[in-house]
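Work through the exercises below with the sequence and the structure in view. Each task is followed by a solution in steps.

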Amino acid sequence: MIRRVILWPPYIWLLILFLLPFALVFKIALSDYAIAIPPYTPTFDWADPSSWGATLGALDFENFQWLLDDPLYYTAYLSSLRIALVATVLALLIGYPMAYAMARAPAHWRPLLMMLVILPFWSSFLIRIYAWIGILSNEGFLNMVLGWVGIPPLSIINTNTAVYIGLVYAYLPFMILPIFASLDRIDPSLLEAAEDLGCSRTEAFWRITVPLSKAGIFAGCFLVFIPVVGEYIVPSLLGGSNTLMIGKVLVEEFFNNRDWTVASAVAVVLLFVLVIPIVLFQRSAERRDAT
Amino acid sequence: MTDDVFAPWNDPGQSPLIRYANVTKKFGEFTAIDNVSIDIFPGEFFALLGPSGCGKTTLMRMLAGFETPTSGIISLGGQDMGNVPPNKRPVNMMFQSYALFPHMNVWDNIAFGLRRDGLPKDQVAARVEEMLRLVQLQKFAKRKPDAISGGQRQRVALARSLAKAPKVLLLDEPLGALDKKLRQETQFELVDIQEKTGTTFMIVTHDQEEAMTVSTRIAVMDEGIIKQIDTPASLYEAPNSRYVADFIGDVNLIEGDWRGDTLHWAEGQTPLAVQSDAPVGKAWLALRPEKIAISKDQAKADNAIPGQVIDIAYLGNLSTYVVEIPGGQKIRAQATNARRLSRRDITWNDTVWLSWTSTAGLVLSE
């Protein structure tokens with residue numbers, strides 16, 4: 001009995017903070033656009049049963065149809081997935097060696113290194129991305145330093161390069177921490193055993209270290225990929241007009257065009273796009289627990 | 001020395017397989033190994049025995065190539081191993097933690113080293129099957145290491161390290177994680193496998209019983225120094241120092257002034273007669289508990305001293321009597337319980353006589 005009660009809070013949490021908002025958004029996505037406040041029709045009122053029929057009667061999927069008709073939307077989805085994939089690969093390539101160095105560092109250094117990875121979380125995400133504008137802008141810190149060395153200035157801000165820098169910077173800790181955790185668990189005598197049985201150091205790394213850190217690599221990649229697909233702040237602050245990401249499209253649709261119905265449809269589709277990798281992640285985690 | 005006794009260390013015609021020559025290893029200021037020289041011969045089961053931290057594992061790891069000596073030379077089959085990396089040495093190691101690869105099943109673990117040698121598939125398979133048969137694990141070939149018992153993991157580790165048919169197999173506390181009963185069985189299995197394969201084994205252990213059971217010779221180590229290298233029987237019967245006498249088995253040490261034929265050990269007490277050619281001076285008489293007889297009446301023996309029983313440890317087959325002798329020293333004497341407990345005639349606080357012959361003990365001057 002008590003065990004069941006303990007299980008309630010997460011379900012209540014999920015109901016209030018996920019399912020209810022999702023139902024609201026889904027309802028708007030199924031409504032029609034209207035010049036009104038709020039800008040959709042029919043409005044729905046739980047207290048007035050007569051409006052239920054109107055809502056039901058107006059049900060159609062034209063907003064979703066619209067997403068398919070206008071190439072902007074599916075190119076934005078694809079572009080988001082591509083940017084998230086590239087950012088994840090970059091974060092992996094940078095994060096793995098950092099996690100490896102942390103795991104191999106002397107024990108008394110590790111808390112400090114761990115602290116350095118976590119430290120950025122102590123300040124606001126928004127402020128840190130603003131700081132990157134200061135670094136990357138045309139008259140920014142980076143070009144100032146390059147000027148001293150005598151290298152012509154780079155124009156990075158408002159390009160996809162800036163977006164990648166921002167994304168990798170912001171999400172790197174989510175890559176490093178799970179990989180570090182899995183590398184830290186590897187018994188060092190396994191590598192000695194591999195060498196003893198005829199592996200060179202490099203071969204031992206690929207045959208022992210990498211397979212045994214696979215769990216951390218998977219976790220890190222999903223933890224970076226999933227939020228980056230829907231990321232809004234980094235592309236809108238660091239990206240340019242040609243940076244196409246679905247989060248940005250959604251905000252523009254909602255606030256600039258005041259088209260709540262299409263924006264809601266975009267949000268619903270985004271959720272389903274993300275559900276696939278989340279389910280994959282869960283299943284790979286379960287498989288690992290099972291073995 | 002007759003021909004059928006295995007004792008290549010006594011044969012000047014034999015050349016050693018492994019040679020440590022004046023090897024020293026320092027970690028910063030700490031000297032882990034201090035000028036050690038050992039010769040180990042082909043076919044030996046050689047034990048490095050000592051308390052934890054005495055340097056025995058370091059000494060073994062230097063042969064495997066995981067540590068580099070600060071000075072001195074380690075050679076294998078006459079070849080200096082100084083610049084040979086661990087993966088190129090004809091030596092395999094069985095790790096204390098077994099170090100089985102958790103992401104591979106038993107079969108792949110055993111095949112790992114063979115595959116690194118680029119052996120053709122059918123040869124790898126044949127060798128792995130042979131190894132599985134040797135350690136009787138054919139049924140478990142497809143299991144992952146975490147799905148088998150501790151004793152089975154130990155055998156997989158052994159099979160994996162023997163698969164490449166190394167010239168020398170190094171065993172680092174190989175039985176440390178097993179319970180006592182399994183450990184004793186496995187000791188005999190190890191000896192059996194060593195004889196079957198003819199491989200030279202080198203074992204690191206802190207368990208003197210284990211070292212005595214399995215090895216041809218034992219090096220007793222303390223604080224980076226080799227105290228004595230000898231066969232188990234010689235170490236027990238003829239230790240060269242109090243340290244070795246105390247480490248190998250149980251011993252009573254009586255301090256006194258050695259005058260060449262008698263040890264003067266306490267004011268007003270009859271000196272103890274011992275046959276020994278130890279140099280005269282301050283010395284200790286080392287006496288094993290089982291070599292001391294205990295009786296209620298004064299026995300006719302070379303040495304007899306009275307005392308009072310202050311403790312009896314009943315071990316089932318044996319009893320150890322702790323007897324306080326004049327001067328206050330406590331001597332342990334051991335007797336087999338040939339009679340039923342109820343008929344035992346010696347009990348607490350009894351006055352008894354301890355006696356032993358002049359050849360029972362050993363005079364040690366260090």
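The exercises concern a predicted model and cover helix packing, aromatic rings and backbone angles.

**Exercise 1. Aromatic pairs**

Classify the ring pair A:Tyr100 and A:Phe205, then the ring pair B:Phe66 and B:Phe95, and locate each pair in its chain.

Solution. Over all chains, a search of the whole structure finds 18 aromatic pairs. For A:Tyr100 and A:Phe205, the centres are 5.4 Å apart with 90° between the planes, and the pair is edge-to-face. A:Tyr100 belongs to helix α4 (residues 71–104) of chain A and A:Phe205 to helix α10 (residues 201–212) of chain A, so this pair ties together parts 105 residues apart in sequence. A:Tyr100 has a relative accessible area of 23% and is partly exposed.

In chain B, the ring centres of B:Phe66 and B:Phe95 lie 6.1 Å apart and the planes stand at 45°, so that pair is tilted. B:Phe66 sits in the loop between α1 (56–64) and β4 (71–76), and B:Phe95 in the loop between β6 (91–94) and α2 (106–116), so the pair links parts 29 residues apart in sequence. Both B:Phe66 and B:Phe95 are buried.

**Exercise 2. Positive phi**

Where are A:Asn158 and B:Ala165 found, and is each of them buried, partly exposed or exposed?

Solution. Begin with the general rule: most residues other than glycine have a negative phi. A:Asn158 has a positive phi, near 65°. Its place is the loop between α7 (141–149) and α8 of chain A. With a relative accessible area of 42%, A:Asn158 is partly exposed.

B:Ala165 also is not a glycine and has a positive phi of about 50°. B:Ala165 lies in the loop between α4 (150–162) and β7 (168–172) of chain B. The relative accessibility of B:Ala165 is 54%, so this residue counts as exposed.

Notes: Residues are numbered from 1 along each chain as its sequence is written. Chains are lettered from A and ligands numbered from 1 in the order in which they are written. This is a predicted model: local features need pLDDT of at least 70, side-chain atom pairs count only at pLDDT 80 or more; totals for chains, interfaces and linings use all residues. Side-chain values use heavy atoms; hydrogens and water are left out. Rings of Phe, Tyr and Trp (its six-membered ring) pair if their centres lie within 6.5 Å; planes under 30 degrees apart count as stacked, over 60 as edge-to-face and the rest as tilted. Helices (H or I, at least four residues) and strands (E, at least two) are DSSP runs, numbered from the N terminus. Buried means under 20% relative accessible area, exposed over 50%, partly exposed in between (1.4 Å probe, protein chains only).
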